[in-house]
Amino acid sequence: MLQKKNKGKSNPIKKNPRVCLISLGCPKNQVDSEHALGAFQDQGFVLEAEPEKADVLIINTCAFIRSAEEETIQAVLEAAQVKKTGRARFLLVVGCWVSKYSENKLRHLVPEIDAVAPPGEISQWVQHVQTFFQTTPGSARRVSTRPLLSNPGTAYLKIAEGCSRRCAFCIIPRLRGNLQSRPMEALVSEARRLVRDGVLEIILIAQDTTSYGCDIYGKKMLPDLLRQLVRIPKLRWLRVMYTNPDGIDQALIGLLASEKKLCSYVDMPLQHVHPKILRAMRRPGNARTYLQLIYRLRTLVPGIVLRTTLLCGFPGETEKEHLALRQFIQTAQFDRLGVFAFSPEAGTRAVELPHQVHPKTRERRRRELMEQQLKISRERLARRVGGIVECLVEEPSGGKHCVGRTVYDAPEVDGGIVLTGKAPVGSIVRARITGSTDHDLEGVVL
């Protein structure tokens, strides 16, 4: 995409321009941002945390749902204002928002934008900035580390880009294309580097992790990748997110049961359970098959923690289908559950479906499901009191406490644990669980 130079500001050659990157949205975006920060370091740019002190402002945007797009617009407008009043000379907007709209439309909305680039095209991001500042590509010594934006001890490993499913409510294939798996050798190599740099927990992410490998190997290869990764010395936890229920097969379940490094944790977004709504969503399965899968997981992997996300208020959902969702939640007894109200997104098939549900009804149903899950969460957490569990320490809390996560909790989306006792940030310790609340635990470092 073409670059547009700033009006009213020159672009003198700078030996070490300062780059501030603001990352929005999901962990998949975060990984792109981390790789970009490493690439800018490789080329001699200086990383800057404060936008007001940067020569370059980069916004890695999200446009998955309306609220995410609103956050993106606000961040870009704030960056534009900083550029007007501060030191910044170049505003680069990248990511999913760029894939959703034309370059002309984005620049018409925010004239201060100097260049745009699609998600994941890191080399293009760097090239835009190099061209403006007239720096020489490849002139700097390469650095081996990827600056991490996650909490100490944890890193995300994105195993694939895009998605080849065509769920009626999802815009991801339009924004990021079809499934594009990364070669296994590259993933194992990157994981080894992360562990050498002190990472104890690696979290595998993709839009659909269970489809990993289908495009480049001709079959699902997630279990094979996991077998390679668990062999890495000093890796303590390996966690898998975004596993579609129809991709959780016997090979994966067997690994969950046998591999100690593989967290006994399954994140499987179901979205809904009623056949009518699932067909409209273009998703397989039903309440019966999902309950059978849950039974298999809990039988073959004792103590496993299950997480899901649901989408309520989808077009055509009546109180009957909503009640079916409530009954399923009560039966399934998920440890962790998130609920989203349907958000009509331009470019998806769901926008065109008849029988759209009123926004107030969508929100009321979301609230009812979350209130129902709150009781379940409170009861399931209370059962853990008295047990001993591994915890990853993420931050101190006063002189006598620290805060972290148990092996059964993923960052950002799940709860945490407040520990009495001292432990180094980024370390894994054993703790006895002494109490619980609606979403979190309390414990003592052993």
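In the predicted model, Ile202 has Leu238 of strand S10 as its bridge partner. This contact belongs to the pairing between strand S9 and strand S10 (residues 237-240), which run parallel and are joined by four bridges. Strand S9 is also paired with strand S6 (residues 154-158), again in parallel, through five bridges. Within that pairing, Lys158 has Ile205 of S9 as its bridge partner.

Strand S9, which spans residues 201-205, is mostly covered, with five of its five residues buried. In a regular strand, side chains alternate between the two faces of the sheet. In S9, Glu201, Ile203 and Ile205 point one way, whereas Ile202 and Leu204 point the other way. The residues of both sets are buried, Glu201 among them.

Most residues other than glycine have a negative phi. Tyr242, although not a glycine, has a positive phi of about 55 degrees. Tyr242 lies in the loop that connects S10 with helix H10 (250-258). Its relative accessible area is 22%, and Tyr242 is therefore classed as partly exposed, the cut-off for a buried residue being under 20%.

Glu412 likewise is not a glycine and has a positive phi, in this case of about 75 degrees. Glu412 is located in the loop between strand S15 (401-406) and strand S16 (417-420). With a relative accessible area of 72%, Glu412 is exposed, a class that requires a value over 50%.

Technical notes. Residues are numbered from 1 along each chain as its sequence is written. This is a predicted model: local features need pLDDT of at least 70, side-chain atom pairs count only at pLDDT 80 or more; totals for chains, interfaces and linings use all residues. Side-chain values use heavy atoms; hydrogens and water are left out. Buried means under 20% relative accessible area, exposed over 50%, partly exposed in between (1.4 Å probe, protein chains only). Helices (H or I, at least four residues) and strands (E, at least two) are DSSP runs, numbered from the N terminus. Two strands pair if DSSP finds at least two bridges between them.
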